[in-house]
Amino acid sequence: MTGTSKNQVADVPRGTRISGKWNKQTYQIMKKLGNGALGTVYLADSLKGRVALKIGTDSMSITSEVNVLKQLSMVQGTVLGPFFYEIDDWERSGKCYPFYVMEYIDGEPLFAFINRRGKEWIGILMLQLLRDLSALHREGWVFGDLKPDNLLVEGSPPKLRWLDVGGTTSMGRSVKEFTEFFDRGYWGLGNRVAEPSYDLFSVAMIVLNAGYPNRFDRPKKGTEDYLMNKIENNQLLKEYKPILSKALLGKYQHASEMRQELFVLLQGGEKTKVRKNKSRSANSRVASRRTRPPAKKKRSGWIETVLLVAFLLFFYTLYLVGHIF
Amino acid sequence: MKKGTLRQILLITDGCSNQGEDPVAMAALAREHGMTVNVIGVLDENERTDGLKEIENIALSGGGIHQLVYAKQLSHTVQMVTRKAMTQTIQGFIHKELQSILGQEKEIEDLPPDKRGQVVEVVDELGETMDLEVLIMIDTSASMQHKLPTVEDALLDLSISLHSRIGENEYALYAFPGKRKQVERLMDWTPILKDIHTIFPKLTTGGITPTGPALKEAIDAYQKKRSKRGLLDDGYIEESSS
């Protein structure tokens, strides 16, 4: 259907050895993992063990993706996106193909996992996603093309991992890549400026997609009411409504806000209604509780030391006084 | 440094031209003037077009990008083609600069991969901050009639994407064939593509497909705009190779 098919590389057969022109590392292709817009991803064997290797034709777009992967690798303390190893060129019959090597994430697609393990996992995995997004946003980045296809559940305990981070955009710019169903611009509910609320809209749409596996198109008019009805009319989505509607309407400024409210909602169950009104103050209480205890402990320790020294001084004085007399 | 302006002609059509100048020649002329010509071919499901070759050739000689899509995917495609073409133009520009620094026959691929990252960052930065002018040329021949509502949606979508950029945007909108002339101006240069919902329902379709004359008109429109601004503005990027 397109005239820009030059972006596709002919399939690389199993067993092919790919060696880099610049860094001289060798990789042996094991199997094809998938086709992306900008290239093909393979599972490969190497000295580092099993890795994922993406081969493209356009070195600028491959480089662009690597820029993002490198940035994500620099985020401390949290594993965002696949770990980046190296970028190089592969010379094959006179042509030069750019490729990069990253961590192979051996996971299960998000919805396959939820179908197998149960709907209650949606909330939990969304909590994980929101925590990671919060870290990403703190670093000045927005995910952009957030959708189920870009999310895998890995290992035990199950952890949500990000697969394709090619749409990641620095804050304040326009989102590089998006998918209509998860894009607030498509639904007429906002622009495409990279900001935290853009990603949070997509998170809400991922949950909606879980309730409507076949997705749905936008109506001619009144998308807001239309989406709210979709939530209302779905058993799974109804319980998340307060959070979903806020995210869809861009009322969360930070991922952490949405995460706190989702956390309270998941904990609450029956008591949700009572707690909901207090959730704001409850949030700040939770936050302050987290930071305060160590401070208190430190202070009481200090007081103990002062008391002890005072006691010792007192007895020493008594002792000295005793000597004098 | 003034960042300059990118100038694009976006041609939305569904088939072969059948009147007037050769559109491929007109696209080549536009390119000489420093414009990029992008062409989007809109198809119905199961429709085949014999205009494919022409669509491809117009974009090739206009230094732009072409894409055939079904009406349903039009929105996503229009904004993507526009962005891709911007990136391509900027890359061509940077490529020239690199050659003047590194010497002829040097390509970006000759840089070690780690150095390429910096080049890409410059391209991204420019794509985000440069000003953009898009002249949109819509084929209103009879077979396009039922596709026009989709075109309208796609243009609104394009404006959402472009307005999310940091750089400034300007649009102009033309239709061919027009009511009385081969080409008709629907909207003069404007920074906001907002009022198209008032224009589209009034569009009449019919008859011939004068793609060549339409492109010629687009070039004239750009020339007029430029002379109106006079000598104050000299920030255009003259781009003639890629």
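How far apart are the end C-alpha atoms of helix H7 (residues 211-229) of chain B, and what should its 19 residues span? The close-ups below start there, and every view comes from a predicted model.

**View 1. Helix H7 of chain B, end to end.** Take 1.5 Å a residue, and the 19 residues of this helix should span 27 Å. The end C-alpha atoms sit 28 Å apart, which agrees. Now look at what is tucked away: the buried residues of H7(B) include B:Pro213, B:Leu215, B:Ile219 and B:Tyr222. The buried residues of H7(B) pack against S1, helix H1 (23-32), S2, S4 and S5 of chain B.

**View 2. The sheet of chain B.** Here you can trace an open sheet of 6 strands in the order S3-S2-S1-S4-S5-S6, with mixed pairing. Strand S3 (66-70) and strand S6 (184-190) stand at the edges with a single partner strand each, so one side of each has no neighbour in the sheet. On average, neighbouring strands are turned by 15 degrees against each other, direction ignored.

**View 3. Strands S4 and S5 of chain B, side by side.** Strand S4 (residues 131-139) and strand S5 (residues 169-176) of chain B pair in the parallel sense over 8 bridges.

**View 4. Where chain A meets chain B.** In this view, 23 residues of chain A are in contact with 26 residues of chain B. On chain A's side, helix H1 (59-73) and strand S5 (84-92) are the elements that give two or more residues. The largest share, 6 residues, comes from H1(A). Sorted by class, chain A's side has 8 nonpolar, 10 polar and 5 charged residues.

**View 5. A:Met228 in chain A.** This residue lies in helix H5 (residues 223-232) of chain A. A:Met228 has 16 other C-beta atoms within 10 Å, so it counts as partly exposed. Its C-alpha atom is separated by 62 Å from that of A:Leu307, 79 residues apart along the chain.

Conventions: Residues numbered from 1 in each chain as written. Chains lettered and ligands numbered in written order. Predicted model: local features only at pLDDT ≥ 70, side-chain atom pairs only at ≥ 80, totals over all residues. Contact = placed C-beta atoms within 7 Å. Helix = DSSP H or I, 4+ residues; strand = E, 2+ residues; numbered from the N terminus. Nonpolar A, V, L, I, M, F, W, Y, C, P; charged D, E, K, R; others polar. Pairing = 2+ DSSP bridges. Axes fitted to C-alpha atoms, helices over the stretch in contact; angles between N-to-C directions. Buried ≥ 20, exposed ≤ 12 C-beta atoms within 10 Å, placed from the backbone. Expected span 1.5 Å × (residues − 1).
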